Amino acid sequence: GPDNPESYHLFAEASRRALLDGAPGMVVILKGVLFVALVPTIVDGRIVAIEALLDRERLDRLEVAVLD
């Protein structure tokens, strides 16, 4: 949880660069299951926002291509 620093370490190790519906983003995959997708909003070449998708229905609809 957010009060446990170890959880941040786990997420960092499980995060991967990915294409999400063809656009750049990040995913966290834990034990082979997509846990969260991070979708950046890019304006003029800069990230101005990041949306974290946690909803299982939305995650299941994403086309994910892990890059590393």
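**View 1. Leu 10, Phe 11, Phe 35 and Leu 54 make a nonpolar surface patch of about 360 Å².** This is a predicted model, where local features need pLDDT of at least 70, side-chain atom pairs count only at pLDDT 80 or more, and totals for chains, interfaces and linings use all residues. Residues are numbered from 1 along each chain as its sequence is written, and side-chain values use heavy atoms, leaving out hydrogens and water. Patch members need over 30% relative accessible area and no salt bridge, with nonpolar side chains (Val, Leu, Ile, Met, Phe, Trp, Tyr) joined within 5 Å and like charges within 9 Å. Areas are Shrake-Rupley values with a 1.4 Å probe, and for residues only the protein chains shown count as cover; a salt bridge puts a Lys or Arg side-chain nitrogen within 4 Å of an Asp or Glu carboxyl oxygen. Leu 10 sits in helix α1 (residues 5-14).

**View 2. Five strands form an open sheet in the order β4-β3-β2-β1-β5, with antiparallel pairing.** At the edges, β4 (46-53) and β5 (64-66) each pair on one side only. Strands are DSSP E runs of at least two residues, helices H or I runs of at least four, numbered from the N terminus; pairing takes at least two DSSP bridges. Inside the sheet, β1 (residues 15-20) and β2 (residues 23-30) share 6 bridges, and Arg 16 has Val 27 of β2 as its bridge partner.

**View 3. Leu 62 lies in the loop between α2 (56-61) and β5.** Leu 62 touches Leu 20, Asp 21, Ala 37 and Leu 53 (heavy atoms within 4.5 Å), leaving aside residues up to four places away in sequence. Its C-alpha is 9.6 Å from that of Leu 19, 43 residues apart along the chain.
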